[in-house]
Amino acid sequence: MLLVDNSNTFTKFAVWDEKRARPAEVRAIPTRELAVASIHSLVRGWQFRRVAISSVVAESRAALQAAFRALPVCWVNAFLAEGVFSQYAGAATLGADRVANVLAVAEYGRFPAVAVDMGTAATFDVVGNGPRFLGGIIAPGQQMMAEAMHRCTSLLPCVPQPSAQPGCIGGSTVEAMRSGARLAFEGMVELALRSLARELGTRPFVVATGGCAGYVAEHVQLVDMVDEHLTLNGIAMAARRGGR
């Protein structure tokens, strides 16, 4: 089975290793470059008989459909696991990536649990016993914070992909913006997790994924582990529930 995680910034492709229950290899492409030709080029050499897709980019759907039109395709949505999402009134509008993250974090069997996806936007999805999806939080991602400073001011530059840097005192405007975006994001993650723990009445099991999850987890003690393949794992689980 081929897994496709079509997100706002990058789209990941992976072949699922059924015996090891994990992606065998992962390749990625900027989402803006998705086209039938680029998709075929990226997956060249892989053998698969079916496809499971999580997509949050409506503009990408046509290219993905055309690229895999000869194969059975499972599109991830909340109705593939209705029991998990039955208490959530907005199931029809729930992003496929959030569905995948919920299914994947539930597999750890530790409840309540929170899947934190640190992508273009940051999502915090809460799973209770059952498992049951309880809802969550959507907040700006770290890159979005940096881009907002550029868009909303006349002089601050565009900062490409903020990254971890030693210390917090920036020696230049760009370094100061990187520091600000990083600290604001880490602070938001910590406050969100503390607020969720307070509302749940207990400390949840927290799994982080996404581009900056690794170094954010080093500074936010409430993150229990990082799973870089959380969304891809959840896509495979959704496909299994959908009979694909």
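Reader: Which helix holds both Glu186 and Arg182, and how many residues apart are they?
Author: Happy to start there, keeping in mind that this is a predicted model. Glu186 and Arg182 are separated by about one turn of the helix, being four residues apart. The helix that holds both is helix 6 (residues 173-200).

Reader: Are Glu186 and Arg182 buried or exposed?
Author: The cut-off to apply here is a relative accessible area under 20% for a buried residue. Glu186 falls in that class, and Arg182 does too: both are buried.

Reader: What is the N to O distance in the salt bridge of Arg194 and Glu190?
Author: This pair also lies in helix 6, where Arg194 and Glu190 are four residues apart, about one turn of the helix. Arg194 is partly exposed at 44% relative accessibility, and Glu190 is partly exposed at 26%. Their side chains meet in a salt bridge with an N to O distance of 3.0 Å.

Reader: Why are Glu147 and Arg151 separated by about one helical turn, and which helix are they in?
Author: Glu147 and Arg151 form a salt bridge, with their closest N and O atoms 3.8 Å apart. Glu147 is partly exposed at 31% relative accessible area, whereas Arg151 is exposed at 57%. The two are about one helical turn apart because they sit four residues from each other in helix 5 (residues 142-151).

Reader: How many salt bridges are there in the whole structure?
Author: The pairs discussed so far include Glu147 with Arg151 and Arg194 with Glu190. A search of the whole structure gives a total of seven.

Reader: Why is strand 1 largely enclosed by the rest of the structure?
Author: In a regular strand the side chains alternate between the two faces of the sheet. In strand 1, Leu2, Val4 and Asn6 are buried on one side, and Leu3 and Asp5 are buried on the other. Strand 1 (residues 2-6) is largely enclosed because its buried residues number five of five.

Reader: Which residue of strand 4 is the bridge partner of Asp5?
Author: Strand 1 pairs antiparallel with strand 2 (residues 10-17) over five bridges, and these two strands form a hairpin with three residues between them. Strand 1 also runs parallel to strand 4 (residues 51-55), joined by five bridges. In strand 2 the partner of Asn6 is Thr11; in strand 4 the partner of Asp5 is Ser54.

Terms used
Residues are numbered from 1 along each chain as its sequence is written. This is a predicted model: local features need pLDDT of at least 70, side-chain atom pairs count only at pLDDT 80 or more; totals for chains, interfaces and linings use all residues. Side-chain values use heavy atoms; hydrogens and water are left out. A salt bridge is a side-chain nitrogen of Lys or Arg within 4 Å of a carboxyl oxygen of Asp or Glu. Buried means under 20% relative accessible area, exposed over 50%, partly exposed in between (1.4 Å probe, protein chains only). Two strands pair if DSSP finds at least two bridges between them.
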